[in-house]
Amino acid sequence: GVEPYGWGYLAASIAVSLVFSDFFEFFYHWCGHKVPFMWAEHKKHHVFPNPTPFAVIADEPLDQLMRASPLLFMPMLAPLNMDALVVCWGLLFFAWGIFLHCGYEHPQIDPHSTSMNTAYHHHLHHVIATPGNALHCGFWFQIWDKLFGSMHKGECICARCSQSKGKREREDWDKLDVPDYSVLLQPEFWLRRGQFKQA
């Protein structure tokens, strides 16, 4: 409930926990590209360069545990409304994660945003971020990538800019070799160990 701290505390605690969680997600993700032993775990999430909504949960158990750890330790640091925390994480984090990994650049969400990460930014992350080269590791806010110098500084290849240059037309799509993502629906894919041998 709201008591004994009131609505102001509830709103402030949600805002602080979301900003903290966003920084934690960024920093953990950034370290996953910068620290070799962490890349060994995180690289499995990058098995498909063009992610799907499944990729939001396509992490190894240790990766998942670390990413969810703020749910465990934030309530130990300050009194939090657990209902609000679960709704924020369950709805906002996973819903935004699905959007970031869906590969669809929604026309109403500007890929040139200077404050929010979009599906375009996360697509760039999956395409060009490598071990030692952490780019666009942020989840919601771009401020962390800006502070850590991990923003892509090359040519914009978003759908809007590409289409204005005559690229990314239907004929181009038809020429692509689209990976078979249906393997993600097979339990054997998730149960097999050692299928991620590439760097």
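Reply: Happy to! A residue counts as buried when its relative accessible area is under 20%, as exposed when it is over 50%, and as partly exposed in between. Please keep in mind that this is a predicted model. A search of the whole structure turns up three salt bridges.

Let's begin with E25 and R67, whose side chains meet in a salt bridge at 2.2 Å, N to O. E25 belongs to helix α1 (residues 6-34) and R67 to helix α3 (residues 61-77), so this pair ties together parts that are 42 residues apart in sequence. With a relative accessibility of 12%, R67 is buried, because the cut-off is under 20%. E25 is buried too, at 10%.

Next come R160 and D110, joined by a salt bridge with their closest N and O atoms 3.3 Å apart. Here R160 sits in helix α7 (residues 159-164), while D110 is in the loop between α4 (82-101) and α5 (119-128), so parts 50 residues apart in sequence are tied together. R160 is partly exposed, with a relative accessible area of 41%, and D110 is partly exposed at 34%.

That leaves E155 and K165, which form a salt bridge with the closest N and O atoms 2.6 Å apart. E155 lies in the loop between α6 (143-148) and α7, and K165 in the loop between α7 and α8, so the pair links parts that are 10 residues apart in sequence. E155 is partly exposed at 48%, and K165 is partly exposed at 45%.

Notes: Residues numbered from 1 in each chain as written. Predicted model: local features only at pLDDT ≥ 70, side-chain atom pairs only at ≥ 80, totals over all residues. Heavy atoms only, no water. Salt bridge = Lys/Arg side-chain N within 4 Å of Asp/Glu carboxyl O. Helix = DSSP H or I, 4+ residues; strand = E, 2+ residues; numbered from the N terminus. Buried < 20%, exposed > 50% of the residue type's maximum accessible area, 1.4 Å probe, protein only.
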